[in-house]
Amino acid sequence: MSRRASRPALVLERGVLLVVTFFFLAPVVWLITTAYKPSVDIFSYPPTLTFAPTLENFRGALRHFDLSHLLESSLIIGVGSALLSLLLGVPAGYALARAKTRWAIALAYFFLAVRTVPPVATLIPFYLIMRDVGLLGTWWAVILLNTTLNAAFVVWIMFSYFRALPREMEEAALTDGCTLFGSFWRVALPLVRPGIIACALLCIMFSWNDFLFPAFLTRSEARPISVALLTAFGTKDISWGTLGALAHFSTVPIVLLALFLNRYFVQGLTKGIH
């Protein structure tokens, strides 16, 4: 009786999941198909589902944009901010997790609160700081700003991850003559590798998809592909085909990275959080 009752519920649940998935993926599918549509089919009304695919939008994007330089800028900003965030956030999370003070948890929540600050609220102060130190218009301006926000997120994740580790393994290493840094480097750090990979992936995604900071803090020679998408919007119309083609170059690299590291990503977000 329970099996008969559970089967309709399972069908209903999967049906709801399919509807929700279609709802969220429909704009993505529309943007992807737009990249392969001729202009006459893009603006057809009612929209047509059948069309003759073309690569003209991609040729136009390659003609008008230096895609290699745009992707290089996105990669430098994403990887640079991720490396700096891990360099600062992982040791800080470990120090908080192993601290004996009662304020350690409060400090960890403080770092989480920093990450919840609206990015636009930090734009003007950082703009003035980068102008005064001579970094305005360069990759470093965006890397340092992203590091400020992402490192706080890394501290929170790694604090939870290190707290889940048993201290006995590190104490055994100390008994065998290992230093405090050696126990951290040789014992604790390898055990939290999935968490580090998850943090790195999230930091790269945050920086790769960021538009606000690169748009105001970089010049044309240092702007990533997320800002280049804005140039598809003209004063009189929108080049939807070019926008769809650029969206391929903007999303495919980060999607492939997420798929490649998916196993570590899921472990890192679930195993260490308690």
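Me: Which residues does G89 touch, not counting residues up to four places away in sequence?
Reply: First the general idea: contact means heavy atoms within 4.5 Å. Here, not counting residues up to four places away in sequence, G89 touches A151, V154, V155 and M158. This is a predicted model: local features need pLDDT of at least 70, side-chain atom pairs count only at pLDDT 80 or more, and totals for chains, interfaces and linings use all residues. Residues are numbered from 1 along each chain as its sequence is written, and side-chain values use heavy atoms, with hydrogens and water left out.

Me: Where is G89 found?
Reply: Helices (H or I, at least four residues) and strands (E, at least two) are DSSP runs, numbered from the N terminus. G89 is found in helix α4.

Me: Is G89 buried or exposed?
Reply: Buried means under 20% relative accessible area, exposed over 50%, and partly exposed in between (1.4 Å probe, protein chains only). G89 has a relative accessible area of 0%, so G89 is buried. By contrast, L128 of helix α6 (residues 123-133) counts as partly exposed, at 35% relative accessibility.

Me: At what angle do α4 and α9 pack?
Reply: Axes are lines fitted to C-alpha atoms, for helices over the stretch in contact, and angles run from 0 to 180 degrees between N-to-C directions. Helix α4 (residues 67-98) and helix α9 (residues 180-191) pack at about 95°, with axes 12 Å apart. Angles under 35 degrees count as roughly parallel, over 145 as roughly antiparallel, 65 to 115 as roughly perpendicular and the rest as oblique. Therefore α4 and α9 are roughly perpendicular to each other. V90, P91 and Y94 of α4 make the contact with S183, F184, A188 and L189 of α9.

Me: How many residues of that contact are nonpolar, polar and charged?
Reply: Ala, Val, Leu, Ile, Met, Phe, Trp, Tyr, Cys and Pro count as nonpolar, Asp, Glu, Lys and Arg as charged, and the others, Gly among them, as polar. The contact of α4 with α9 has six nonpolar residues, one polar and no charged.

Me: Where does α13 bend?
Reply: The bend at a residue is the angle between axes fitted to the seven residues ending there and the seven starting there. α13 bends by about 30° at T251, and the proline P253 follows within four residues.

Me: What about S250?
Reply: S250 lies in helix α13. S250 is buried, with a relative accessible area of 8%. Leaving aside neighbours within four places in sequence, S250 is in contact with W208, I225 and L229.
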